[in-house]
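Hi,

Here is the structure I promised to pass on. Have a look, and my notes on it follow below.

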Amino acid sequence: SKMAKLPVKLYYDVLSPYAWLGFEILCRYRVPWNLDLHFCPFYLGAVVTKHGITPPGMYPAKGKYMHYDLKRRAQHYDVPVKSPKDFKEKMRSGSLSAQRLLTAATMYLPASTEALSRALWTRIWSKDQDITDNASLLEACRSAGLMEEQGNDLLGKIKSDAVKEKFKEVTEEALGYGAFGAPTIVFFPDKQKPLMFWGSDRFEMMAYLLEKPWFGPVPSRSITSKY
């Protein structure tokens, strides 16, 4: 019989570069782990505020370390993540509109959610571009391969009650699973309690607990690597 897919929810916010890393690895492991992957954009700002957490880059020593850490991870994970020139400014500008745009995508154009998420992360965490104004959001829609009217349509929905409600609901749901940061990854193994993980560096442990194979963050690389 065909193996049932393992459902997994990825709660993420494009304001987090670590969430980008987790997102790409889950996408790469969709087939090897037979995942039914659900993209769940949530509001990191609300989660962090609720728990009284300061973003990692706000402490000078940690901010400095994060800069090197992201450089190393970009190579290790093969994701083009780069620190923006003004990290604090990016944190202050936030991601509310971008996350609502992604919420609208999950509701009205679900097949576009993956590409649109990647386009937004690429803007903020690779090209050091804006993700707050409408022109930037439309540009991200174009990069994700959406047609002009699809982009405009999604953008027109981000202030709607339906999108705001859904966004709030998903954020509450993540908090219900114990979320305190991004990415928050929740697996639903058959006949077991949900398994929640935080961060983009717990995949080896996930594989072990879920009894799945682990080929490193870039599976194609490990298969062809020179031992």
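**What turned up**

Let me start with Lys-90, which sits in helix H4 (residues 87–93); helices here are DSSP runs of H or I with at least four residues, strands are runs of E with at least two, and both are numbered from the N terminus. Before going further: this is a predicted model, so local features need pLDDT of at least 70 and side-chain atom pairs count only at pLDDT 80 or more, while totals for chains, interfaces and linings use all residues. Residues are numbered from 1 along each chain as its sequence is written, and side-chain values use heavy atoms, with hydrogens and water left out.

Lys-90 counts as buried, at 16% relative accessibility (buried is under 20% relative accessible area, exposed over 50%, partly exposed in between, with a 1.4 Å probe and protein chains only). Leaving out residues up to four places away in sequence, Lys-90 touches Leu-15, Pro-84, Ile-124, Asp-128, Gln-129 and Asp-130, where contact means heavy atoms within 4.5 Å.

Now the core. The largest nonpolar core has 68 residues, and the ones touching the most other members are Phe-42, Leu-116, Leu-120, Trp-125 and Phe-187; such a core is a set of buried Ala, Val, Leu, Ile, Met, Phe, Trp, Tyr and Cys residues joined through side-chain atoms within 4.5 Å. Helix H1 (residues 17–28) supplies the largest share of this core, eight residues. Beyond four places in sequence, the contacts of Phe-42 include Tyr-11, Tyr-12, Phe-167, Val-170 and Ala-182.

H1 also packs on helix H6 (residues 113–125), at an angle of about 145° and with the axes 11 Å apart. Axes are lines fitted to C-alpha atoms, for helices over the stretch in contact, and angles run from 0 to 180 degrees between N-to-C directions. On the H1 side the contact is made by Pro-17, Ala-19, Trp-20, Phe-23, Glu-24 and Cys-27, and on the H6 side by Glu-114, Ser-117, Arg-118, Trp-121, Thr-122 and Trp-125.

And strand S1 (residues 6–12)? That is where Leu-10 lies, buried at 0% relative accessibility. Among its contacts outside four places in sequence are Phe-23, Leu-26, Cys-40 and Pro-183. The C-alpha atoms of Leu-10 and Phe-197 are separated by 9.8 Å, though the two residues are 187 apart along the chain.

What about disulfides? A search of the whole structure finds zero, taking a disulfide as a pair of cysteine sulfur atoms within 2.5 Å. Cys-27 is in none, and the nearest cysteine sulfur, that of Cys-40, is 13 Å away. Both cysteines are buried, Cys-27 with a relative accessible area of 12% and Cys-40 with 7%.

Last, some backbone points. Most residues other than glycine have a negative phi, and most peptide bonds are trans. Ala-182 and Pro-183, however, are joined by a cis peptide bond, with omega about -5°; Pro-183 is in the loop between helix H9 (161–176) and strand S3 (184–187). Asn-34 has a positive phi, near 55°; it is in the loop between H1 and strand S2 (35–41) and is partly exposed, at 22% relative accessible area. Glu-211 has a positive phi of about 55° too. Its loop runs between helix H10 (203–210) and helix H11 (219–224), and Glu-211 counts as exposed at 74% relative accessibility.

Cheers
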